[in-house]
Amino acid sequence: MRESETVSNACEAFRNDRGRLLDILWRVQDSLGAINLDSMTLIAEKLAIPVVEVEGVVTFYAFFSEQKQGRIVIRLCEDIIDQHQGMAEIEDAFSQCLGIAPGGTTEDGLFTLLRTPCIGLSDQAPAALINFVPVTHLKPGSVKRLAQALRKNPDPQSLITQYGDGQNAHPLIRSGVRNLIRKRGHMLLGQVPHEAGWQVARQMSPTDIVQRISASELRGRGGAGFRTGLKLRMAARSPALDRVVICNADEGEPGTCKDRVLLTERPQLLIEGMRIAARAIQAKQGIIYLRAEYRYLQPYLESLLQDARMQGQLGRQAGFDIRIQLGAGAYICGEESSLIRSCEGYRGEPGNRPPYPAQSGYQGLPTIVNNVETLCLIPRILSEGEHWFRQTGTAQSPGTKLYSISGDCSKPGIYELPLGTPLRDLLEMAGGQDAAAVQVGGASGEIVAPVNFDRPLSFEALNSAGSIMVFSGERNLLEVVDYFLHFFVEESCGYCTPCRVGNVFLKQGLEKIRQGLAESADLENLRQLSQTIIATSRCGLGHTSPKP
């Protein structure tokens, strides 16, 4: 198919809607293997926007490419957990076998080898995405056999000979990923009744739904801990004629993979939670922002949305519908204003506040953004009641929390525990009680020493977005911090100078320390620089990047 025809078909599939630019770009790249300047120019003409605007979006997202890539794109996860599990040896094996360095494409145009940040598989590292098919527990000795198999059959799906547990074996997923659910709590990972929350919600007024969620003291499970009921109330009180519910399924924090399990095993609960939230604020539009690393789950999720439409739960008859917006590789889009911009087809740059998204968000409409775990808890609160929810956890942090544990422990995986559980108890369950340090909350979180392992995991004591990375005494913590700073330098949107430049200076200062060239004054300079970055950056990335 000619390039112009491919672009034309892609644009027409989305009615030449500038707001669906990311979807159009995915269509073009999937068909042509790249989005070159000619394609960008054609897209710009179709959407009646400047070509520089299209180019700005293409260059912002890591998974879009201006250069022709191979038919098979191998993305090796470079996060610190995968590095500790031997990713360097695996990368060397791929480079020798394919005859290319990372970033290169083979002469026959079959393979491209790339590095990519955390792909949501830290619990089964080292891992890679091969044309978005996840491959886990890689070993250097198996790389040659894997490459030979792909040369014979360039469909990466053929590599999956054994499916994972649960819905990973579903015909629309067919993944070798394992859920690794180590501890099932009673709220999300235990037995969950189908549609029980909606049956209660449909008998309640929107105001009463908001009141029940507010009374439960549910706080967002994405890390910030903002009160969900307050967010709903702000949106509901807006005089707008329409409102929007967005699910943030863009968990990009290194070490986090809990939402992957919920999207696989509890997607109906998520959809139910979005429907209840929509009823609470009288929303007509819903969006699931799915990170590209979880693209292998998209056909399954689309089928569930279509089933819900057939049953009258979504669509015109229901007065509320949900679409999936596939991301394209940008950690910053986990921040809600950046995510909204991405859903609108723009670069995922954070917005100024006020106004807050609950006042003016997606397309200027009042918008609530909550992560997968938070939205899954809403039906449980509606069906069981706010008192049931508050019986678990602490007064300030009620309910359960899902934790993704990875690194130097014998039982990595997903644990659902009451908030307020001491970190030490969780480490003992996971076989990581001999840890020398634990990173709680991902790269933007807090490093905890053994003397503080008795601290409770809660919003008021030791907050976590769900990522728990365990490091033994054999690990060099300066190496760990160096990786985190590398991650922040790469993932900064580049909008503001403190974050764009300051994080580079932090990394350079750390490298000076690692080389044994630093003096006491260098440490003080790093402290002051950190305070400046935190105080003057535009969004949460710069506010947290100096933490390590």
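**Helix packing and cavities**

Helix 1 (residues 3–13) and helix 3 (residues 37–47) pack with their axes 10 Å apart and at an angle of about 40°. The model is predicted, so local features need pLDDT of at least 70 and side-chain atom pairs count only at pLDDT 80 or more, while totals for chains, interfaces and linings use all residues. Residues are numbered from 1 along each chain as its sequence is written, and side-chain values use heavy atoms, with hydrogens and water left out.

Helices (H or I, at least four residues) are DSSP runs, numbered from the N terminus. Axes are lines fitted to C-alpha atoms over the stretch in contact, and angles run from 0 to 180 degrees between N-to-C directions. Helix 1 and helix 3 are therefore oblique to each other; that word covers what is left once angles under 35 degrees (roughly parallel), over 145 (roughly antiparallel) and 65 to 115 (roughly perpendicular) are set aside. Their crossing is right-handed, that is, the near helix is turned clockwise from the far one by less than a right angle. On the side of helix 1 the contact (heavy atoms within 4.5 Å) is made by Glu-3, Ser-4, Val-7, Ser-8, Cys-11 and Glu-12, and on the side of helix 3 by Asp-38, Ser-39, Leu-42, Ile-43, Lys-46 and Leu-47. By class, this contact has five nonpolar, three polar and four charged residues. Ala, Val, Leu, Ile, Met, Phe, Trp, Tyr, Cys and Pro count as nonpolar, Asp, Glu, Lys and Arg as charged, and the others, Gly among them, as polar.

Helix 1 also packs with helix 2 (residues 21–32), at an angle of about 150° and with the axes 9 Å apart. The crossing of helix 1 and helix 2 is right-handed. Helix 1 contributes Glu-3, Thr-6, Val-7, Ala-10, Cys-11 and Ala-13 to the contact, and helix 2 contributes Ile-24, Arg-27, Val-28, Ser-31 and Leu-32. Seven of these residues are nonpolar, two polar and two charged.

A cavity is a set of points on a 1 Å grid over the protein atoms alone where a 1.4 Å probe fits but cannot get out, and lining residues have an atom within 4 Å of a point. There are three cavities of 30 Å³ or more. The largest cavity holds about 120 Å³ of space, a volume being the space filled by probe spheres set on the points. It is lined by 14 residues, with Arg-291, Glu-293, Ala-330, Tyr-331 and Glu-491 nearest its centre.

How values were computed:
On a 1 Å grid over the protein atoms alone, a cavity is a set of points where a 1.4 Å probe fits but cannot get out, and a pocket is an open set with protein on both sides within 12 Å along at least five of seven lines; lining residues have an atom within 4 Å of a point. Helices (H or I, at least four residues) and strands (E, at least two) are DSSP runs, numbered from the N terminus.
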